[in-house]
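Here are some friendly notes for a first look at this model. Please keep the structure open as you read.

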Amino acid sequence: MGLDTFASRSPEDIELTGEDSQAFEQADIQLCGGIFSGNGNDGSFRGKMYVMMVLGITGESLYQDWIPPETVQEMYATLEACDPEQAFQENGWHRCSPVDILELRKFFKVCSERGLGLINWG
């Protein structure tokens with residue numbers, strides 16, 4: 001089963017303002033896209049690709065229908081505090097690299113700064 005992750009202002013539907021979309025574009029995020037999700041620059045990414053990495057670093061699973069903005073901010077703080085090289089050496093997540101942690105930081109930073117939660121669908 002797939003998993004796509006979308007930044008959103010609402011738990012009911014994917015909702016971003018024009019300013020939110022612009023912030024994602026300007027962040028130049030490079031994450032794996034899915035069938036319905038983009039590569040990070042549109043406020044979405046293929047969550048299934050990173051679910052184990054995100055869980056291992058933040059303690060939060062992307063397999064939740066809605067992750068509220070407060071939790072996203074905590075997840076960002078944990079991503080920001082980790083050493084990508086060390087985290088990757090300790091865990092060796094399949095099909096991922098330390099660069100992915102840096103890209104996830106960029107995504108979560110935009111969400112955190114803009115008060116966005118995450119809708120996970122799949």
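Is R114 buried, partly exposed or exposed? With a relative accessibility of 28%, R114 counts as partly exposed. Please bear in mind that this is a predicted model.

1. **A salt-bridge network.** Start with R9, D20 and R114, which salt bridges link in a network. The side chains of R114 and D20 meet at 2.5 Å, N to O. Since R114 lies in helix 5 and D20 in helix 1, this pair ties together parts that are 94 residues apart in sequence. The side chains of R9 and D20 also form a salt bridge, at 2.7 Å, N to O. Here R9 comes from the loop between strand 1 and helix 1, while D20 is in helix 1, so the pair ties together parts 11 residues apart in sequence.

2. D20 is buried, with a relative accessible area of 0%. R9 is partly exposed, at 35% relative accessibility.

3. **A salt bridge inside helix 5.** By the rule used here there are 4 salt bridges. One of them joins the side chains of E113 and K109 (3.9 Å, N to O). These two are 4 residues apart in helix 5, so about one helical turn separates them. In an α-helix, residues three or four places apart point the same way, because there are 3.6 residues a turn. E113 is exposed, with a relative accessible area of 60%, and K109 is partly exposed, at 37%.

4. **Helix 2.** Have a look at residues 47–58, which form helix 2. The helix has 12 residues, yet its end C-alpha atoms are only 14 Å apart, short of the 16 Å that a straight helix would reach. Its buried residues include M49, Y50, V51, M53, V54 and I57. Among the elements that cover the buried residues are strand 1, strand 2, helix 3 and helix 5. Just after the helix, G59 takes a positive phi of about 80 degrees.

5. **The nonpolar core.** The largest nonpolar core has 31 residues, and L62, L104, F107, F108 and L118 have the most contacts inside it. Helix 1, helix 2, helix 3 and helix 5 each give two or more residues to this core.

6. **A nonpolar patch on the surface.** Finally, turn to I35, F36 and W121, which make a nonpolar surface patch of about 420 Å². I35 sits in the loop between helix 1 and strand 2, and I35 is exposed, with a relative accessible area of 77%.

Technical notes
Residues numbered from 1 in each chain as written. Predicted model: local features only at pLDDT ≥ 70, side-chain atom pairs only at ≥ 80, totals over all residues. Heavy atoms only, no water. Expected span 1.5 Å × (residues − 1). Buried < 20%, exposed > 50% of the residue type's maximum accessible area, 1.4 Å probe, protein only. Contact = heavy atoms within 4.5 Å. Core = buried A, V, L, I, M, F, W, Y, C linked by side-chain atoms within 4.5 Å. Patch = residues over 30% accessible without salt bridge, like charges linked within 9 Å, V, L, I, M, F, W, Y side chains within 5 Å. Areas by Shrake-Rupley, 256 points an atom, 1.4 Å probe, with all protein chains shown as cover.
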